[in-house]
Amino acid sequence: MPSPALDNEPQHTTQPPAHPTPGPSKMASGAWIALLVLLGAELMDMIDQSVVLTALPAIQESTGAGPAAVQWLTTGYSLPVAVGLITGGRLGDLYGRRKILLIGTIVFTAASLLCGLATGPVVLIGARLLQGVAVALMIPQILATLHVTFEGQNRSKTFGLYGAVLSLANVLGPVLGGLLTEADLFGLSWRPIFLVNVPVGLAVLLLGRRFIPESTVQKANRLDLTGMLLSALAIVLIVFPLSEGHLHHWPLWCFAMLATGLLALGVFLRHQQRKQDKAPLVPLSLFRGRQFSGGMAAQLMHGLLCGLFFMTWTLYLQRGLGMSPFHAALAFVLLSLGELAGATLAAKSGGRFARRLPQAGALIASASMAAYGLQAAGGQADLTLLAMTAPVVLIGFGLGMVSGPLADLSLARVPHENAGAASGLFNTAIHLGIALGTALTALVFFATTGGSPDAGLNRDAFITVLWWVGGALTLMWALMFCLPKHTKSQAA
């Protein structure tokens, strides 16, 4: 039974969109513009996580960046995102979600311009860190604003579109990075991959200020600075060694950091218990309802299987099957197109199937993973991109049915005053899951290959990985029984 704390609607203020939503199934033009601006900001943020991947060789040649610097072009973006999501979400609750979103957009746009103007790796890495901080401010406001602004079928559709945008970003990021770098616009080489964010960011600022409704808690308390520092410390000490340990063959300092991080997490939770009546950073009442806590756990599994699957799949395609980077990228495009189709189906369903839709997606992905594993084991070195198209597209289709509905159903009973904090926690779960999945590759993939480029070893290791991914999908499916079987409209 859900906690009463999640059922009672606390007082909050929400300025209506420029044109109110006229009914349960139609959205007015102002609400549509607000939605497009929010999804545009999300797309910009997500693309920038992967847009550098196909441009890395050009960046390295242009700036003289070494291997460590190249690695930090991605880590420098993702780490501050993971660290700052909880604080970013709470800032929106206290001081206004539109305000914090627009502040984050200003910082992100300026940092993107700085990336495009950078001539050396130090400035570029610093600008990427600043981008990550800005994204940590922006992302929680997007989910939180969707949560407090839209209702009924409109809410389910918007969350479905949110999932579709995540899938689209998976395709556009590497493709856009490659195209813009190859085009060498105005002789700028890789720089347009960052400079393109400047006009997009300005559009988000102008349209967001006009159309996105402001929402905040009526009585804003001070931010829990001690909790903010403790949470940031705990996440850094946990995520950093999980992300970097396999690259350094798991030295002792990784385990020391993990142990210290878990200790810091315990201190943080104890601090939050004492602060529950004094504006905590994380309202622990959120976890009393199984809908949010189960959804968080499912999101953690979602991140874990993504972190485990995508890295090892890349190595399997190129080392195990001998594909070129271009053909491996095409395989990712196939999977992402399947994701986009699944997310579009979720958006069109309008929430009619509640938890049954993401659970069906998990089962489709799991069955497709099993079929792909059998195909990989049988075809060995002769497996072609054309032959694997069906299982790969179906894997993407199943995963695409999960993201939007899982976010929608997990946050459905969250009080509006805690929407930002809940959104920050929910997004942190997938980042932590990805870090855990990346760390798990050392146990289930690299322990078999030993880093060897041998094709047979990489194929065998990947088939083992698929069993682990299937297990994570099964666990995610089971955790989604915590989500509601029916929507409010169905129960009425």
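Me: In which helix do Phe309 and Trp313 lie, and how many residues apart are they?

Reply: This is a predicted model. An α-helix has 3.6 residues a turn, so residues three or four places apart point the same way. Here, Phe309 and Trp313 both lie in helix α12 and are four residues apart, about one turn of the helix.

Me: How many residues does α12 have, and how many of them are buried?

Reply: Of its 31 residues, 22 are buried, so α12 is mostly covered. The helix runs over residues 290-320 and reaches 42 Å from first C-alpha to last. The expected value is 45 Å, and the span is close to that. Gly322 follows α12 and has a positive phi, near 70°.

Me: How do I read aromatic pairs?

Reply: A pair of aromatic rings is described by the distance of the centres and the angle of the planes. The whole structure holds 13 such pairs. In one of them, Phe309 and Phe310 have ring centres 5.3 Å apart and planes at 70°, so this pair is edge-to-face. Phe309 and Trp313 are stacked, with 5.3 Å centre to centre and 20° between the planes.

Me: Which aromatic cluster holds Phe309 and Trp313?

Reply: The cluster is made of Phe309, Phe310, Trp313, Tyr316, Phe332, Tyr372 and Phe462.

Me: Is Trp313 buried or exposed?

Reply: Buried means under 20% relative accessible area. Trp313 has 0%, so Trp313 is buried. Phe309, at 1%, is buried too.

Me: Where is there a nonpolar patch on the surface?

Reply: Look at Leu262, Leu265 and Leu269, which together have about 250 Å² of accessible area. Leu262 lies in helix α11, residues 252-274. Its relative accessible area is 55%, so Leu262 is exposed.

How values were computed
Residues numbered from 1 in each chain as written. Predicted model: local features only at pLDDT ≥ 70, side-chain atom pairs only at ≥ 80, totals over all residues. Heavy atoms only, no water. Helix = DSSP H or I, 4+ residues; strand = E, 2+ residues; numbered from the N terminus. Expected span 1.5 Å × (residues − 1). Buried < 20%, exposed > 50% of the residue type's maximum accessible area, 1.4 Å probe, protein only. Patch = residues over 30% accessible without salt bridge, like charges linked within 9 Å, V, L, I, M, F, W, Y side chains within 5 Å. Areas by Shrake-Rupley, 256 points an atom, 1.4 Å probe, with all protein chains shown as cover. Salt bridge = Lys/Arg side-chain N within 4 Å of Asp/Glu carboxyl O. Phe/Tyr/Trp six-rings, centres within 6.5 Å; stacked < 30°, edge-to-face > 60°.
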